[in-house]
Amino acid sequence: MSAAFLQIAGAALSGMAQIRQAQAEAVQYEMKARNEVIQARTDAVNYKVEGNERMRELLTAMSSSVANAAAGGLDPYGAMETKDLINMNSMKVAGMDIRKLNLNAEMAILRGESNAQQARLAGKAGVRFATLSAAANMATTGGQVMATSGPTPLPQ
């Protein structure tokens, strides 16, 4: 075996190792992408749970105002009394809070999908550039071997 052959074989093995390393990193990026999606869904569920809790608080507040109105001698079924104004204001504030929580849940999902897509693209780009780098190293090594050992670098 000539030194030129060993040099070319070494460059080929080095290139394969570069590509395998990039593929392993791409797998790590894919795992990161999946974790981002899972985290985003978890965040969205937490926002929904918080929205449900706000609804429970609203119902509690409304029930309390009706009960207090009845205890205070007001007609609990009468329209447009103080308790109704209090309840309408409570519903307005709760509605804004719940809408904000729903938007946060949607944004969490979108953020997670975006981060996952970026991670997947980074993994693919790493493999693509490692392949390009390996090919460039092979070409450079081949050129060096040809320049130093003459027109036939392979054993005969």
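Guide: Let us begin with Arg111, which is partly exposed, at a relative accessible area of 41%. Please bear in mind that the model is predicted.

Visitor: Is Arg111 buried, exposed or partly exposed?
Guide: Buried would require a relative accessible area under 20%, and exposed one over 50%. Arg111 has 41%, so this residue is partly exposed.

Visitor: With which residue does the side chain of Arg111 meet in a salt bridge, and which helix holds that residue?
Guide: The N to O distance in this salt bridge is 3.0 Å, and the partner is Asp43. The pair links distant parts of the chain, 68 residues apart: Arg111 belongs to helix α2, whereas Asp43 belongs to helix α1.

Visitor: How many residues apart are Arg54 and Asp97, whose side chains meet in a salt bridge?
Guide: The N to O distance between Arg54 and Asp97 is 3.5 Å. Arg54 is in helix α1 and Asp97 in helix α2, so that distant parts of the chain are linked; the separation is 43 residues.

Visitor: Which helix contains both Arg56 and Glu53?
Guide: These two residues form a salt bridge, with the closest N and O atoms 2.9 Å apart. Three residues, about one turn of the helix, separate them, and both lie in helix α1.

Visitor: What is the relative accessible area of Met88, a member of a nonpolar surface patch?
Guide: The patch consists of Met80, Leu85, Met88 and Met91, with about 410 Å² of accessible area together. Met88 is located in helix α2. Membership of a patch requires over 30% relative accessible area, and the value for Met88 is 42%.

Key: Residues numbered from 1 in each chain as written. Predicted model: local features only at pLDDT ≥ 70, side-chain atom pairs only at ≥ 80, totals over all residues. Heavy atoms only, no water. Patch = residues over 30% accessible without salt bridge, like charges linked within 9 Å, V, L, I, M, F, W, Y side chains within 5 Å. Areas by Shrake-Rupley, 256 points an atom, 1.4 Å probe, with all protein chains shown as cover. Salt bridge = Lys/Arg side-chain N within 4 Å of Asp/Glu carboxyl O. Helix = DSSP H or I, 4+ residues; strand = E, 2+ residues; numbered from the N terminus. Buried < 20%, exposed > 50% of the residue type's maximum accessible area, 1.4 Å probe, protein only.
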